[in-house]
Number of protein chains: 2
Amino acid sequence: MAEPLRLGIAGLGTVGAAVVKMLNANRGQIAERCGREIVVTTVSARDRNKDRGFSLNGMAFLQDPVALAQSPDVDAVVELIGGADGPALDATTAAIAAGRPVVTANKAMIAEHGNRLAGLAEDAGVGLFFEAAVAGGIPIIKALRESLAGNRISHVIGILNGTCNYILTRMEDEEKPFDVILKDAQDLGYAEADPTFDIGGHDTAHKLAIMTSLAFGTEITADDIYLEGIEQITLEDIHAAGDLGFRIKLLGVAQRTESGIEQRVHPTMVPKNSPIARVSGVTNAVAIESDALGQAMLIGPGAGGDATASSVVSDICDIARGAMLPTLARPAKALEPYVRAQMRAHEGGYYIRLNVEDRPGAFAHIAERMAEQHISLQSIVQKRDPKTADPETPVPVILITHKVMEAAVRAAVEKIESDGYVTGPAQVIRIESL
Amino acid sequence: MAEPLRLGIAGLGTVGAAVVKMLNANRGQIAERCGREIVVTTVSARDRNKDRGFSLNGMAFLQDPVALAQSPDVDAVVELIGGADGPALDATTAAIAAGRPVVTANKAMIAEHGNRLAGLAEDAGVGLFFEAAVAGGIPIIKALRESLAGNRISHVIGILNGTCNYILTRMEDEEKPFDVILKDAQDLGYAEADPTFDIGGHDTAHKLAIMTSLAFGTEITADDIYLEGIEQITLEDIHAAGDLGFRIKLLGVAQRTESGIEQRVHPTMVPKNSPIARVSGVTNAVAIESDALGQAMLIGPGAGGDATASSVVSDICDIARGAMLPTLARPAKALEPYVRAQMRAHEGGYYIRLNVEDRPGAFAHIAERMAEQHISLQSIVQKRDPKTADPETPVPVILITHKVMEAAVRAAVEKIESDGYVTGPAQVIRIESL
């Protein structure tokens, strides 16, 4: 058997502690599978004395993660500090500069600095592994970097944020509005005190940006993604979607189009009987569509210490076995610049909910505005609740369009809104038929 | 860039042709991802002159796959001949003996000779890759061999045979009996003229045996698996399952128990709202349950030239990048003998359909037989079709048990059958709550 692989682990939070425990608990199995022992020689964390459920005996404790990355007792570095910049980035670049492969679970760092880090890793001839950065325990990075090497991918579609999926699932199951469920999710620890990063879609965008690069061979561009969160989704939308055979999910979608790559994160109506519609609660899922493989989907836990540790250990084992491949699947220099397809050029089906005033001609007027933009309608649902059959109250009208250009939908909706037959803004939700 | 990897491909059927076309079509992308060109230097097939949609120019054509495996122009061998023995096995062993890594899509060969081949490959220091042997395009072998290295797996559950899933899906959707759908599937090319290997569960057993070894670190044992096919599934069972919130799937299940490993292939009732119940038609799926990752599932096309070629090319790229790991995840010598858990000791829920004669006391009698075996019932459904409300016709009675030992169910059913209150044999279908 080869020499043991000596690991330095920077960051001993939930994931870091789970990694150390997993390496200890499955020491024999992992050594057999890797052809060598894996030994944690060095760790760094803020607080040495915190109880983590395991002893730090036998491991060097360094306050400074950069010192850990440069330690002579370390063959490979596991970065679990978090944060796009600061100590995480410093430790990662120091490790690469010292010629040591790196495993990270840090989606923010890869999303924001992945292109540069890929170049540095390549120049230094070391691997940079980040299975845990996207969709937690789901082996989606390996699938995209390795398994799909011979495919030309056309779509990557994911439920990538457990908090959003948890909230949407509970809104539907319990018929309670967004605010109530969010509050409860916060109390239960499923949502942060400041939930913006999750519910606004930013976390999904980070993960999507990484997958887009792997799928399409382009540079990662996390700050140029069309973004809509789930804050505006009402119970009324969820009910209307259900009546029409759909369910609402926050999806990250990347797809190749003639005018560039669409990267978009937004609430999406998916057919109830599609596999992705069945992904409930905090579970994540990624669907890939490609020329050879066709449609494939991976489902699993997107977060949690143990599930994330499973991905980190998978990367550690790859390093132990000497695996070496370009960080972003292709050499950094071969990555193409990201050309963003405009959302106005997006083609798809749309759900449009309008609060229409109960006046003669209102509906004819709306229909005319749609016709002007050559938008053909698949369904029209007008539902007045008998209990509120008050002619003063606007009637919710739901339109489902056939495939149409987003620019046309926006133009029609803008005109309808300004024409005075509707109250409040229109709710527009895109439809994906997976 | 490193020297090109020179491939010899033995077998140019649907999959072989798709592999050559994929390597040609994505030459640049694959070279970027592998760090070297991949060149098919040598092929072998039965008929040189068959039109395969590409030219054999520039490739040496050898009649004999063993000669191909030993050719000095070949660095790695792709075996796509098929069949557990004969030329496929000869070419594989010859390639390994010549120190060349092998890619194969041959589930029968791996299922029957995998243990020995793993040892040979290890002794020769070459890799043996077989992603395409299980579940076609789904990267399940990579997930089990690499991604789950740090996990202790408890269950592997798969829909592994497209023909069976296609037939069961159509029976339910079209409300037509097994024979009618099988005939139609044969006419459409979804089932073989002799369908026994598929519908009897043998194909599923081969694939399951391979996954069991990877999941549990045991020797592959394909001929010691509990096996029931789908031939006995009636429309009545499908309807009854549906009424109770279940769907019937042919599953391959491997699970660790206290008395050994259960490997079983049989029609199974799964909750309709479980993700695996949603896998329809020829699609395959594998669910894995493990200590760290929890539940994960991979869904995708289980057959077809292009999807299978996607997996073959993934393996070729691994070889091109110098990947090296034990064939069955652990060193061949470290594999434990397979200890089969007895089906009688299987614990689970059961669906039992009986045709009960309409005589006083019949039902009390059945209930007593169940009670004798300490079987508690979750549901009892007795449905007499009003149109055939003829006291001479037996009434179908469906029992759903709570979790119970299989031995108890068998004992109860045996007694019920011999007591004379029922007509014909009982239909017994196991339930999995995924």
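Into which domains is chain A divided? I noted at the outset that the model is predicted. I then recorded the bounds for chain A: domain 1 covers 5-133, domain 2 covers 142-301 and domain 3 covers 345-431.

**Entry 1: domain 1 against domain 2 in chain A**

I began with the separation of the two parts. The C-alpha centres of domain 1 and domain 2 of chain A lie 29 Å apart. For the contact I listed 12 residues from domain 1 of chain A and 10 residues from domain 2 of chain A.

I next looked up the buried area. Domain 1 and domain 2 of chain A bury about 930 Å² between them, with 61% of it on carbon and sulfur atoms. On the side of domain 1, I found that K107(A), A111(A) and N115(A) supply 50% of the area buried against domain 2 of chain A, more than any other three residues.

I turned to the polar terms. Four residue pairs are in polar contact between domain 1 and domain 2 of chain A, counting pairs with both residues at pLDDT 80 or more. One salt bridge is found across this interface.

I then asked which elements of domain 1 of chain A supply at least two residues each of the side that touches domain 2 of chain A. They are α5 (107-124) and β6 (128-129) of chain A. The largest share of that side, seven residues, comes from α5(A).

**Entry 2: chain A against chain B**

I moved to the interface of the two chains. The contact takes 46 residues from chain A and 46 residues from chain B. The buried area is about 3,900 Å², of which carbon and sulfur atoms give 50%.

I found 18 residue pairs in polar contact across the interface of chain A and chain B, both residues at pLDDT 80 or more. I also found four salt bridges across this interface. I looked up the one between E146(A) and K142(B), whose closest N and O atoms are 2.5 Å apart.

On the side of chain A that touches chain B, at least two residues each come from α2 (27-34), α6 (140-147), β12 (294-301) and α12 (305-320) of chain A. I recorded 25 nonpolar, 11 polar and 10 charged residues for that side.

Three bridges join β12(A) to strand β12 (residues 294-301) of chain B, and the two strands run antiparallel. Within this pairing I noted I299(A), which stands opposite M297(B) in β12(B).

Methods
Residues are numbered from 1 along each chain as its sequence is written. Chains are lettered from A and ligands numbered from 1 in the order in which they are written. This is a predicted model: local features need pLDDT of at least 70, side-chain atom pairs count only at pLDDT 80 or more; totals for chains, interfaces and linings use all residues. Side-chain values use heavy atoms; hydrogens and water are left out. Contact means heavy atoms within 4.5 Å. Buried area is the accessible area (1.4 Å probe) that two parts lose on being put together, summed over both. A salt bridge is a side-chain nitrogen of Lys or Arg within 4 Å of a carboxyl oxygen of Asp or Glu. A polar contact is a pair of N or O atoms within 3.5 Å; within protein, one must be able to donate a hydrogen and the other to accept it, and residues adjacent in sequence count only if both atoms are side-chain atoms. Helices (H or I, at least four residues) and strands (E, at least two) are DSSP runs, numbered from the N terminus. Ala, Val, Leu, Ile, Met, Phe, Trp, Tyr, Cys and Pro count as nonpolar, Asp, Glu, Lys and Arg as charged, and the others, Gly among them, as polar. Two strands pair if DSSP finds at least two bridges between them. Domain bounds come from an automatic or database domain assignment.
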